[in-house]
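Here is a walk through one model, from the relation of its chains down to the packing of a few helices. Keep the viewer open and follow along.

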Number of protein chains: 2
Amino acid sequence: MSLRPTLDFLLYNWLNAESLNQRERFADHSRETFDAVFDTCERIAREKYAPFNRLVDTQEPHFDGETVILPQATHEAHKAYAGSGMLSAAQDYDEGGMQLPYTIEAAANCFFAMASVSIGSSLLTKGNANLLLVHGTEAQKEVFARNEFAGRFSGTMCLSEPQAGSSLSDITTRAVPDGYDFEAEALGPRYRLTGNKMWISSGEHELTENIIHLVLAKIPGPDGKLIPGTRGISLFIVPKKMVGADGQLTGVRNDVALAGLNHKLGWRGTTNTLLNFGEGKYPVDGAAGAVGYLVGKPHEGLRCMFHMMNEARIGVGTAAVMLGMAGYYASLDYAKNRPQGRLMGPAGKDAAQPQVRIIEHSDVKRMLLAQKSYCEGALALELYCARLVDEQHTADAQAADDARLLLEVLTPIAKSWPSEWCLEANSLAIQIHGGYGYTRDFPVEQYWRDNRLNMIHEGTHGIQATDLLGRKVLMEGGKGLALLAARISATIERALQVPELATYAGALDKAVYQVGAVTKAAWATGNPQDALANAVPYMQGFGHTVLAWIWLDVALATLRSDTTKSIAATAGKMAAVRYFYHYELPKIGAWFQVVSDRDLTCVDLPEDAF
Amino acid sequence: MSLRPTLDFLLYNWLNAESLNQRERFADHSRETFDAVFDTCERIAREKYAPFNRLVDTQEPHFDGETVILPQATHEAHKAYAGSGMLSAAQDYDEGGMQLPYTIEAAANCFFAMASVSIGSSLLTKGNANLLLVHGTEAQKEVFARNEFAGRFSGTMCLSEPQAGSSLSDITTRAVPDGYDFEAEALGPRYRLTGNKMWISSGEHELTENIIHLVLAKIPGPDGKLIPGTRGISLFIVPKKMVGADGQLTGVRNDVALAGLNHKLGWRGTTNTLLNFGEGKYPVDGAAGAVGYLVGKPHEGLRCMFHMMNEARIGVGTAAVMLGMAGYYASLDYAKNRPQGRLMGPAGKDAAQPQVRIIEHSDVKRMLLAQKSYCEGALALELYCARLVDEQHTADAQAADDARLLLEVLTPIAKSWPSEWCLEANSLAIQIHGGYGYTRDFPVEQYWRDNRLNMIHEGTHGIQATDLLGRKVLMEGGKGLALLAARISATIERALQVPELATYAGALDKAVYQVGAVTKAAWATGNPQDALANAVPYMQGFGHTVLAWIWLDVALATLRSDTTKSIAATAGKMAAVRYFYHYELPKIGAWFQVVSDRDLTCVDLPEDAF
């Protein structure tokens, strides 16, 4: 199975990605240049990623005391990726980039995520460099960001600490000015950092010449104490190896030491580390602390970091989708080829007949269509969000601001929905394989393990839900939610004109009304404890409503398209829509009920009663 | 956390297990003897199983060319288990057993499943020996069954083949009479078997002196051809090593050869094998084929095998429950000790305050209560089914027949429901641990991997659903379903008298009505293709209704009990009931809708549209 027809349809027939070329920034591009990028990425993913997905699972990164060893295949995949220019796909021509729309970059990266999510597509390196382009000084951009885009350096995000995972206000990594002349440094105000950072992906490896850590730390107040809360947090560039203002390595190692590798359930191709900053293993100039260069202003670190958070969350959602898609294709292939059992006729089963392939069994079809409906729907959502990123950056002021607001509201869904439902898709892919799916001889168990991470990293399910109900639907007087409702209503209006879609339009209309009503009901007492007690069920119902909208909008494009090209593909899409409206959307009732009741069954239970 | 208070409550306060001692068979027993069994099992599980659960996951069974090597811990756990007498716990005193109720045996085995499901509790050995007690000859009982109960031999079930997993009618293992005098053999009519058997748990190891395979094979007709369908299937005892009529090994190896070990996602402490019967590696007396002794009559093999199927399915369900419970306890412990974040006050969060433990966060409480509600509810269901097994064997004729019928209807739920929802519980346990839950430093990821097997083995989810909607609710003119509805109604009647429970009783009444209505609607056309198209959603709705009933019945017992003993435990149980009725039962609407519509969205989709 190739992803291309699905991707092409969503980009060109639904999202009208070609119209982006009318914008000045993308004027040199055309469907041909987009397709050439897809061709290249699809080929590299097929040749350098997919064949090694199991290998990177079994040959976990290990530390020999000096360096972290990764399989040769990982080195070659990274080389091929950097060589393709994808690291700077969306960057300006002036920066050596391809100046591609983000929509196209995101779509092109799907091939790598599907082929081997944990070999990775340098999401963090790009996010790191992008942040520096916005918040860094000219020298920081030149020395760090550009070398990341060029593939010489790679990047990390160092937020969590062992005692502070989701709660960033509790980080204790300290940053103190490095000498009286600390502000005279070419690469930015120079500090010395001490502390431990946990869950750092790609925190140590030999894939690139250097690793550029972006580190959250607190600058102590005049009393030497750390400022409580997130307001005290600043952002620093901490290179693994010291770099001169000319971008060359100075030959001095910075005091960043690997304290441990995390051994994970899945996603094993990516190193995940505990790093010690300034523990004294590699002292620089005889002084204590790892050298770090301030980015932006002191105490504004979290704001800078959030700049890369939205894209990172869309990236996580997309990874979840592509793992789901990989499982869908694997189980579809298996179902088409595995003979087992017979169909039930009016007179029972006739054992004298040959066995049928399992795709002929109704329950296998149900499990395949569920996967298709989850994964293709979620892919559409991710691409829609990617398109909003382009709108935000290149559309006129009003449209750009609308896109920004919509992204605020949709990001928690784009991150959480696929991490829950495309994981469920992976479970169905295992189920279709039967006992074989439970063995490591087939790829589906690994997809399921890999995908389980996505509900955890970049903000857990609970954090996304609190962000959605506690912040996003309220912000700017509820304008984001109103805007989303208006977009959905526009889809409903169009769908009401199409006989095949009118019933779905009606169902969606009801669902959107419910979203509005339960949002109000949740906040009726004004007490966050009441409102947020059921934030996750709220997000689940909200997410299913969003997906129903996306599918209805895709259905409109499907019926509008020239269906003579692929009657089967059209039938498949319309069945996925139908599946979603018949089997999935009705689930929102149960989720929304507890929200609108402000049900405190869980909150009220005393600890000793568990 | 100890399982004991929960188990004690369900057995003694709810199921009135002590009343079994009024039956002649159990007259020597008392709560004291039951408790002594639990004490022993709890201790062995704590000392010999739990500490090695991770070890058996990482040190997978391997084959050195001659023998399959298992960790020493597995040998010692098995020795302790056999030494405890649990292998023959439910057997007659005359057989050297303890003549315990099955309810008590099943409850006692919970400790081992929770401590290390894949070290195992010899479920297959007991099932194998029990089958022989019913269908075997005196000699077969003496030589095989009794040595299994004594722990000298262990047992397997050899049903599936590489090309025939769920579809047993397609097995091709052949059994031909071994010489003209094949019926003169002391251990039963002697045949020679050739064929391959897949997914054979405990198919090869050195834990016991011998392994007794119970093998399904076909005896060819006069034309030499295998009879199509399940009617052609017979059952054979095929020992790994040849045994004399005196029960001693003869020193001759039978022609059963290990063809491969399966490398699984989880449940790795248990060997799972592909076995070749009669491939010629160990020829016996120079003739071809593995030696097997017929059990029961020719062509009645499947009927004999089904004798052990119901108990095996309850066993699988219980294993799923206990994995869920293990994750619940682990995450509860973690949540009570891990500080992270702060509660949202009316004025937001106060960073100057110390962090709270995560059990204080509402979403963590929700995830804990969900686990409690799934796992304790499912444990109650499994114990209820175990109690029905005792009723079937020791109650008066009418009650025994009722118990048989109820078991027929409930077994698909007892097997499928925990395998789906206690797996979900394990996922929530990971989520509560955050990033740590995704590492192999904490036990919860292993529970989740181990539990994923339970939806597959002993009849997949799809098979259970077809069994339920295609056979069990229809059998004997729908008598089983009517009987279940009557039991549920009796609970509803009692609950209506209790003010705290009246609302739940009303909700359950509605749900039961829906079960009846959708069952009729599903079969309205009489066409199995229409009815069974949504057998899995039917089973999901049916399962949630059954669990709601179980919880309501448990609630009655909770309120009836002397609550001064543990106010907290009572509050916990009542919250779990409330959680189930508020958050879970409303889900049935979405599942039942597609069943009653006889929705053919999935069935109708042509293959090329996926």
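Predicted model: local features only at pLDDT ≥ 70, side-chain atom pairs only at ≥ 80, totals over all residues.

Start with the two chains. Two copies of a chain are related by a rotation about an axis and a shift along it.

Now look at how the chains meet. In the interface, 93 residues of chain B are in contact with 93 residues of chain A. The copies meet through the same surface, because 100% of the interface residues of chain B are also interface residues in chain A. About 8,100 Å² is buried between chain B and chain A. Carbon and sulfur atoms give 59% of that area. Which three residues supply more than any other three of the area that chain B buries against chain A? They are Tyr438(B), Arg440(B) and Phe610(B), which supply 12%.

Helix 13 of chain A spans residues 475–496. Its axis and that of helix 14 of chain A come within 8 Å and cross at roughly 165°. An angle over 145 degrees counts as roughly antiparallel, so helix 13 of chain A is roughly antiparallel to helix 14 of chain A. The crossing of these two helices is left-handed. On the side of helix 13 of chain A, the contact residues include Leu481(A), Ile488(A) and Ile492(A). From helix 14 of chain A come, among others, Leu508(A), Val512(A) and Val515(A). By class, the residues of this contact divide into 11 nonpolar, 1 polar and 1 charged.

Helix 14 of chain A, residues 502–522, also packs with helix 17 of chain A, residues 567–584. The angle is about 45°, and the axes lie 11 Å apart. These two helices are therefore oblique to each other. Helix 14 of chain A passes helix 17 of chain A in a left-handed crossing. Tyr504(A), Ala507(A) and Leu508(A) in helix 14 of chain A meet Val577(A), Arg578(A), Tyr581(A) and His582(A) in helix 17 of chain A. That contact has 5 nonpolar, 1 polar and 1 charged residues. Leu508(A) is one of the residues in the contact with helix 13 of chain A and is also one of those that meet helix 17 of chain A.

Methods:
Residues numbered from 1 in each chain as written. Chains lettered and ligands numbered in written order. Heavy atoms only, no water. Axes fitted to C-alpha atoms, helices over the stretch in contact; angles between N-to-C directions. Helix = DSSP H or I, 4+ residues; strand = E, 2+ residues; numbered from the N terminus. Parallel < 35°, antiparallel > 145°, perpendicular 65-115°, else oblique. Left-handed = near helix turned anticlockwise from the far one by under 90°. Contact = heavy atoms within 4.5 Å. Nonpolar A, V, L, I, M, F, W, Y, C, P; charged D, E, K, R; others polar. Buried area = accessible area lost by both parts, 1.4 Å probe.
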